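This report goes through one structure part by part, for a reader who has not seen it before. Please keep the sequence and the 3D view at hand while reading.

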Amino acid sequence: MKTKYLKTIGIKTNQPVGRGFLFPYDVTFDSSGMIYALNRGRISQGLGTRIQIFDYDEEWYGEFGEGRVTGPLNFLIPVATAFNSKDELFVTDEGSGEVKVFNQKGLPLYQVGGGSGPWSCDLKGPSGIAFDSNDNLYITERSASRLTKIDGDGNVIFRVGEPGDGELQFNMPWGVVTDGKGYVYVADWRNDRIQKLDPDGNFVTSFGQSGNSEGQFNRPSSVAVDSQGNMYVTDWGNERVQVLNSEGRFLHVVEGQATLSKWAEQWLEVNQDEYSARRSSNLSILDLPAHLQTPYQVGSQTEHLFWGPVSAKIDAFDRLFITEHSRARIQVFDISGNSD
């Protein structure tokens, strides 16, 4: 079994518009394979908060949205994204307590949460979001410690969960995903585990416990599941991605292999002093001093490794996209050779 590194997308920028990331938090894909990246930016200032659109070859197609104030195109604390079968883009906003819905061009359509009628259910800190094959919507609510399922017409099917660390109890749940059989996986962030539910919201099992050994987690933020049932968990606090099989058995760790992206190469080509300094520097130091040995310190000091892996998503071509909010980039891996 292997997870093969393919490429890196992104470059860090403090500019409020244009190519580049500032605290990216998630990506998702429309039916054509176009990539939509959620750039949280500096939310206290509303700087750089937007959705960016590009393809796998890093061709840039535009952006929409902004931060800080309220409005159809504004986000306060955006967290995650997902497309339904109609190519409608859903964006959770933990700050405003709603999910905003856009078309592929970024035009506002409607929202989930607040108001009255369909799609009006009360949401408390919506964070993770996913669809199943029937266009049922799943939303994790971090402030309510629950999971909400909504059908394609906006009607709530069920709400499960309460604060705690038992079965169907959550502590700030974050990422959520469904598999081909309709099972639901929730990254139970502060309980350091993944909970698996059936399509009716019943508890099935859980994977993981607190720690930094194989199969242990420190604040797992996201989980993706491939066609074989393998799970890819962004072990956020341990600065790594862990791969588990369908039964929860540990398979291997992915730590990151980043290279320069096309955007970075193009920037360096016109900033030759920076490029020269890079060529003469060792950015892959693996033997750090004794006082720099925590996962955070190793990730922050070693450029090719993950630093802040916050989201795991799999596209239609069996490519795994790991979004790193601290390093402002996306690392992409081929998982087509992975099987139990």
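In which sense do strand E19 and strand E20 pair, and over how many bridges? Strand E19 (residues 184–188) and strand E20 (residues 193–197) pair in the antiparallel sense, over 5 bridges. The structure discussed here is a predicted model.

## The sheet around E19 and E20

E19 and E20 belong to an open sheet of 4 strands, in the order E18-E19-E20-E21, with antiparallel pairing. The edges of this sheet are E18 and strand E21 (203–207); each has a single partner strand, so one side of each is left without a neighbour in the sheet. From one strand to the next, the twist averages 20°. At the residue level, valine 184 stands opposite leucine 197 in E20.

Strands of a sheet pair through backbone hydrogen bonds, and the pairing may be parallel or antiparallel.

## Strand E4 and its neighbours

E4 has a partner strand in E3 and another in E5. With strand E3 (residues 35–39), E4 runs antiparallel, joined by 5 bridges. Leucine 38 has isoleucine 51 in E4 as its bridge partner. E4 and E5 also run antiparallel, joined by 4 bridges, and phenylalanine 54 stands opposite tryptophan 60 in E5. E4 and E5 make a hairpin with 5 residues between the strands, in which glutamate 58 takes a positive phi near 70°.

In a regular strand, side chains alternate between the two faces of the sheet. In E4, both faces are covered: Arg50, Gln52 and Phe54 on one side, and Ile51 and Ile53 on the other, are all buried. The strand as a whole is mostly covered, with 5 of its 5 residues buried.

E22 is another mostly covered strand, with 6 of its 6 residues buried. E22 is joined by 5 bridges to strand E23 (residues 231–235), and the two run antiparallel. Opposite proline 220 stands aspartate 235 in E23. E22 and E23 form a hairpin with 5 residues between them, and glycine 229 in the turn has a positive phi of about 90°.

## Salt bridges

The model has a count of 15 salt bridges. One of them is formed by the side chains of lysine 7 and glutamate 58, at 3.0 Å from N to O. This pair links distant parts of the chain, 51 residues apart: lysine 7 is in strand E1 (residues 4–9), and glutamate 58 is in the loop between strand E4 (50–54) and strand E5 (60–64). Are these two partners buried or exposed? Lysine 7 has 15% relative accessibility and so counts as buried. Glutamate 58, at 5% relative accessibility, counts as buried because the cut-off is under 20%.

Glutamate 141 and arginine 159 form another salt bridge, with their closest N and O atoms 2.9 Å apart. Glutamate 141 lies in strand E13 (residues 137–141) and arginine 159 in strand E15 (residues 156–160), so the pair ties together parts that are 18 residues apart in sequence. Glutamate 141 counts as buried at 0% relative accessibility, whereas arginine 159 counts as partly exposed at 33%. In a further salt bridge, aspartate 315 meets arginine 319, the closest N and O atoms being 2.8 Å apart. Aspartate 315 counts as buried at 10% relative accessibility, and arginine 319 counts as buried at 17%. Through shared partners, salt bridges also join Glu141, Arg146 and Arg159 into one network.

The largest pocket has a volume of about 1000 Å³. It is lined by 46 residues, of which Phe29, Phe131, Val177, Lys313 and Ile314 are the closest to its centre. The elements giving two or more residues to this lining are strand E2 (24–29), strand E8 (78–83), strand E12 (126–131), strand E18 (173–178), strand E22 (220–225) and strand E26 (309–314). By class, the lining of the largest pocket has 20 nonpolar, 16 polar and 10 charged residues.

The second largest pocket has a volume of about 580 Å³. Of its 22 lining residues, the closest to the centre are Ile11, Lys12, Leu260, Arg278 and Glu303. Here the elements giving two or more residues are helix H1 (262–269) and helix H2 (272–279). H1 supplies the largest share of the lining, 3 residues. The lining of the second largest pocket divides into 9 nonpolar, 7 polar and 6 charged residues.

Conventions: Residues are numbered from 1 along each chain as its sequence is written. This is a predicted model: local features need pLDDT of at least 70, side-chain atom pairs count only at pLDDT 80 or more; totals for chains, interfaces and linings use all residues. Side-chain values use heavy atoms; hydrogens and water are left out. A salt bridge is a side-chain nitrogen of Lys or Arg within 4 Å of a carboxyl oxygen of Asp or Glu. Buried means under 20% relative accessible area, exposed over 50%, partly exposed in between (1.4 Å probe, protein chains only). On a 1 Å grid over the protein atoms alone, a cavity is a set of points where a 1.4 Å probe fits but cannot get out, and a pocket is an open set with protein on both sides within 12 Å along at least five of seven lines; lining residues have an atom within 4 Å of a point. Grid points are joined across faces, edges and corners, and a volume is the space filled by probe spheres set on the points. Ala, Val, Leu, Ile, Met, Phe, Trp, Tyr, Cys and Pro count as nonpolar, Asp, Glu, Lys and Arg as charged, and the others, Gly among them, as polar. Two strands pair if DSSP finds at least two bridges between them. Axes are lines fitted to C-alpha atoms, for helices over the stretch in contact, and angles run from 0 to 180 degrees between N-to-C directions.
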